[in-house]
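Open the model in your viewer and keep the selection tool at hand. The stops below say what to select next and what is there.

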Amino acid sequence: MLKIYNTLTRKKEIFRFSKNKTIKMYVCGPTVYDFSHIGHGRTYIAFDVIARYLRYSGYKVFYLQNITDIDDKIINRANEEKIDPKILAKRFEKEYLKDTKTLGIKSVNKYSGATQNIREIISQIQRLIKKNYAYEKNGNVYFDITKFKDYGQLSHQSLNQLKKAVRIEPDASKAHSFDFLLWKAKKSGEPFWPSPWGPGRPGWHIEDTAIAERYLGLQYDIHCGALDLIFPHHESEIAQAEAISGKKPFVRFWLHTGFLLVNGEKMSKSSGNFITIREILKNYSPQAFRFLILSHHYRSPIDYQESLMKQAESSLERVSEFLEKIKKTKNKKQKTRARIEALLIKTRKKFFQAMDDDFNAPRAIAEIFNLIKTINPMAGNLEKKEAKIILDFFKETDSVLGVMPLRKTGQIPDMVLKLAKEREKLRKEGKFEKADKIRQKIFEQGYEIEDTPKGPQIKFKKIYGRTRSPTRH
Ligand SMILES: [Zn+2]
């Protein structure tokens, strides 16, 4: 029985949902003005695993993610670089999608940018004005916060408490200081779209409800994002959607990822501890980063330190060694089959139980490591069938986690074998410098050569420490 912590009720609730229907899931995507940082990585990996697990459990899921491709940050950055904001946004949208691909995030059904939904955004604002929840002033349109009595339901605070929590810039054109922008009148040099209120661009909160309405409707099942989006972003989304539809709740389950700190501090460009996904992947594998993220519960904070990446790598190395050992099978019939089958059944059950308990990936991973520990003394002495069911178990659970060093293990591509032969020939001829160059080439393909008394052995190295330089001979 799947239980999910719901920010709206502040409780773990049983997720009751028909497996014949499709779960409509929405995740707040990035504002594309720069390379994504590891905090983004954390959020998108966490929700990737949640979507994968829901599907693994037999649910149908439609996962929608927006991309904020028009925003003050984009305009400011484009002005700094003296380029068109649309070009800047397009460039970083591409980089973002490249990162998600590298990180194995493959559960999203649809990405949709704010600028592809201007018509939907304008339509929602028109309906809000018509229903008296919004007003226009000097080409700006605001949501009138005093009209929506339930504002604050997600952050569990009253409007007065929320007012104290944030500093609001004085703005003479607003009726109440707390009203938020739905449509922003054009300023010179900024991108704009025509609207019933004159040229301008959408506010931030309205893009999410407009995009969601287009693909999911005005009520749906799961809305996710990082913890710092609860207020004012998600709170404002609820106000917009429930004001338009007149129906509650806008969303059944609200899920939020915990913060990612760097050495105990909030990540910021000014303090110099801002780490992009790209930077991490220069020195570590994407699987190791995923492993680090998933070894923390998605709601818990992560205090990032480089040592955690090294730990993640060595954990994966242990798995890799185990899987290699498993493959060295004996032809003789072993007496361990029943025991191994029982172990796998038990671990599988515990894996499910952990994930069913608010997607507890760290506990699910711990169960897999317990299994490795128990089987390890028998590994190397298993029969083929036993090795196969163990590998199948790893493949199955990894369809949810996406971290294990499963691909390519044991199979060395012909190209690498050819290079290894060439290197051996050069070494025998005493051309060590040339041989070293080929060794580097092999390394770049993700393999390492170890010279043993039995001759050179090729080992798969790509998934961990892929940029570590090989030791030279
Ligand atoms: Zn959003």
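**A tour by selection**

The centres of domain 2 and domain 3, taken over C-alpha atoms, are separated by 31 Å. To see them, colour domain 1 (3-257), domain 2 (306-401) and domain 3 (414-460); these bounds come from an automatic or database domain assignment.

This is a predicted model, in which local features need pLDDT of at least 70, side-chain atom pairs count only at pLDDT 80 or more, and totals for chains, interfaces and linings use all residues. Residues are numbered from 1 along each chain as its sequence is written, and side-chain values use heavy atoms, with hydrogens and water left out.

**Stop 1: the hairpin**

Select residues 3-6 and 11-14, which are strands β1 and β2. Helices (H or I, at least four residues) and strands (E, at least two) are DSSP runs, numbered from the N terminus. The two strands run antiparallel and are joined by four bridges; strands count as paired if DSSP finds at least two bridges between them. Ile-4 has Glu-13 in β2 as its bridge partner. Four residues lie between the strands of this hairpin, and Arg-10 in the turn has a positive phi of about 55°.

**Stop 2: the five-stranded sheet**

Now select the open sheet with the order β5-β4-β3-β10-β11, where the pairing is parallel. β5 (110-113) and β11 (251-257) are at the edges with a single partner strand each, so one side of each has no neighbour in the sheet. Neighbouring strands here are turned by 20° against each other on average, direction ignored. β3 pairs with β4 (residues 60-67) over six bridges, and Met-25 has Tyr-63 in β4 as its bridge partner. Axes are lines fitted to C-alpha atoms, for helices over the stretch in contact (heavy atoms within 4.5 Å), and angles run from 0 to 180 degrees between N-to-C directions.

**Stop 3: the zinc ion**

Which protein atoms are the donors of the zinc ion? They are Cys-28 (SG), Asp-208 (OD) and His-233 (NE2), lying 2.1 to 2.3 Å from the ion. Donors are N, O and S atoms within 2.8 Å of the metal (3.2 Å for Na, K and Ca); water is not among the atoms, so sites may look incomplete. Cys-28, in the loop between β3 (22-27) and α1, and Asp-208, in helix α6 (residues 204-215), are 180 residues apart and link distant parts of the chain. Both Cys-28 and Asp-208 are buried, where buried means under 20% relative accessible area, exposed over 50% and partly exposed in between (1.4 Å probe, protein chains only).

**Stop 4: the three-stranded sheet**

Next, show the open sheet β13-β12-β14, with mixed pairing. Its edge strands, β13 (265-266) and β14, each pair on one side only. β12 (residues 260-262) and β14 pair in the parallel sense over three bridges. Helix α1 (residues 38-56) packs on the sheet and touches β12 and β14, its direction making about 150° with that of β12.

**Stop 5: His-297**

Select His-297 in the loop between α9 and β14. His-297 is buried, with a relative accessible area of 13%. Among the residues that His-297 touches, not counting those up to four places away in sequence, are Arg-42, Asp-358 and Phe-359.

**Stop 6: helix α10**

Finish with residues 306-327, helix α10. Its buried residues, including Leu-308, Leu-316 and Phe-322, pack against α8, α9, β14, α12 and α13.

Technical notes: The expected span of a helix is 1.5 Å times one less than its number of residues.
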